[in-house]
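Hello,

Here is the structure we talked about handing over. My notes on what turned up in it follow below.

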Amino acid sequence: MLIRPKQGILDPQGQTVERALPALGFEGVSGVRVGRLIELEVEDPGRLGEICERLLANPLIEDYEIEELSGAAGPAATEDR
Amino acid sequence: MRFGVVRFPGSCDEEDALHACRRVGDAELLWHEDRDLRGVDAVVVPGGFTYGDYLRVGAIAALSPAMVAVGEFAREGGLVLGICNGFQVLCEARLLPGALLPNVGLRFTCRRVEIEVTNADSPFASAASPVSDGASGGRLTVPVKHFTGRFHAPQAELDAMEERGQVVFRYAPGQNPNGSERDIAGVSNEAGNVLGLMPHPEHASDPLTGSSDGGLVFESMRRHVEAAGPASSGSGSPGWSPATAGRHNSGGHGVPAAA
């Protein structure tokens, strides 16, 4: 699960990272958002959305994406929310 | 009037909360694993760093058995005060609107602030005067100490909350320590019986600490409960009542003795 601040939510951590980059000579970087990645193994991937909604993300302030890395379905599937 | 203060792993302000409650009534500690509020008249969810703030502040504590009971108690009209981390827990438990985000300055802030009473009809502020009166008493001096205190809710929701009087406390002009929307320091649910407050009234309830203004919050709660009469809490509810609550206690959960 990739979890990040919703659009429109002020992300001071992202801003701080963005302001630090030019000090290292990395110009032209904008729109930095800092989120988090949660890896887990599940028996029923169908429940991942519910798991995100109920605990792993707070839908009021965070968006999430679910990426299935391997499974019976074959190629990785990405689901955007 | 008996307060219950819920202790979680990582709570750190429960003793001060007990002290503040005991200045106006009786108080006892409740344990987070215990789905039994022991017939208390009001609940305080204290400050601290429950579960090490893992995942998101308050997210894990919101799932504890005690919070299930607090949710039932709140839905039946019981008074619930969440302070600091307790505010975060109540938001995560969806007993309060909105969410708390890291301070705009990305710093842990620990200092005294002045807050204004914007709704003195609230059961948590009725012993104070509204700031609009211009009289003393509408402004309280209390400390804040937090990293994640920036209140957020969508703009339309904030408008509706203001309309309904759910913004009970605001930081005085120029004193917003965390970038909270509209200088919000304390909000209630729609029914008004659940309040979240980022500053710490329990740390300013005894003249020894330099300000006892915060005591007004606990005094307001006492007046509200006592005005409603002894049969008020849980009255008419099928799920919970002071008379039956004691029977749910299975014991064996390491319940600490009330301090």
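**Notes on the structure**

A:Leu24 sits in chain A, in the loop that runs between helix H1 (12-20) and strand E2 (36-37). Please keep in mind throughout that this is a predicted model. With a relative accessible area of 65%, A:Leu24 is exposed. Together with A:Phe26 and A:Val29, A:Leu24 makes a nonpolar surface patch of about 310 Å².

**Chain A in outline**

Chain A contains two helices and four strands. Along the sequence their order is β-α-β-α-β-β. The chain has 81 residues, of which 23% count as buried.

**Salt bridges**

Over all chains, the structure holds 22 salt bridges. Some of them are described here.

In chain A, the side chains of A:Lys6 and A:Asp63 form a salt bridge, at 3.2 Å from N to O. This pair joins distant parts of the chain, 57 residues apart: A:Lys6 belongs to the loop between strand E1 (2-5) and H1 of chain A, and A:Asp63 to strand E3 (residues 62-68) of chain A. A:Lys6 is partly exposed at 26% relative accessibility, and A:Asp63 is partly exposed with a relative accessible area of 25%.

In chain B, B:Glu114 and B:Arg139 form a salt bridge, with the closest N and O atoms 2.8 Å apart. B:Glu114 counts as partly exposed, at 25% relative accessibility; B:Arg139 counts as partly exposed, at 37%.

Another salt bridge is formed by B:Arg170 and B:Glu162, where the closest N and O atoms are 2.8 Å apart. B:Glu162 has a relative accessible area of 30% and is partly exposed.

**Nonpolar cores**

The largest nonpolar core has 69 residues, and B:Phe3, B:Phe169 and B:Phe218 are the ones with the most contacts inside it. Helix H2 (residues 65-75) of chain B supplies the largest share of this core, six residues. There is a second, separate core of nine residues, including A:Met1, A:Ile38, A:Leu48 and A:Ala57.

Between E1(B) and E2(B) the chain passes through helix H1 (residues 14-22) of chain B, a β-α-β crossover that is right-handed. Strand E2 (residues 26-31) of chain B has five of its six residues buried, so this strand is largely enclosed by the rest of the structure.

Helix H3 (residues 85-92) of chain B is likewise largely enclosed by the rest of the structure, because eight of its eight residues are buried. The buried residues of H3(B) include B:Phe87, B:Val89, B:Leu90 and B:Cys91. After H3(B) comes B:Arg94, with a positive phi near 60°.

**Backbone angles and a loop in chain B**

Most residues other than glycine have a negative phi. Two further residues with positive values are listed here.

- B:Tyr51, which is not a glycine, has a positive phi near 50°. Its place is the loop between strand E3 (42-45) and H2 of chain B. B:Tyr51 is partly exposed, at 26% relative accessibility.
- B:Asp183 is not a glycine either, and its phi is positive, about 60°. This residue is in the loop between E9 and E10 of chain B. With a relative accessible area of 28%, B:Asp183 is partly exposed.

B:Ser180 is also found in the loop between strand E9 (167-171) and strand E10 (184-188) of chain B. Is B:Ser180 buried or exposed? At 5% relative accessibility B:Ser180 is buried, because buried means under 20%. B:Ser180 and B:Phe151 are 29 residues apart in sequence, and their C-alpha atoms are 4.6 Å apart in space.

Regards

Methods:
Residues are numbered from 1 along each chain as its sequence is written. Chains are lettered from A and ligands numbered from 1 in the order in which they are written. This is a predicted model: local features need pLDDT of at least 70, side-chain atom pairs count only at pLDDT 80 or more; totals for chains, interfaces and linings use all residues. Side-chain values use heavy atoms; hydrogens and water are left out. Patches are made of residues with over 30% relative accessible area and no salt bridge: like charges are joined within 9 Å, nonpolar side chains (Val, Leu, Ile, Met, Phe, Trp, Tyr) within 5 Å. Accessible areas come from the Shrake-Rupley method with a 1.4 Å probe; for residues, only the protein chains shown count as cover. A salt bridge is a side-chain nitrogen of Lys or Arg within 4 Å of a carboxyl oxygen of Asp or Glu. Buried means under 20% relative accessible area, exposed over 50%, partly exposed in between (1.4 Å probe, protein chains only). A nonpolar core is a set of buried Ala, Val, Leu, Ile, Met, Phe, Trp, Tyr and Cys residues joined through side-chain atoms within 4.5 Å. A crossover is right-handed if, with the strands pointing away from the viewer, the path from the first strand over the helix to the second runs clockwise.
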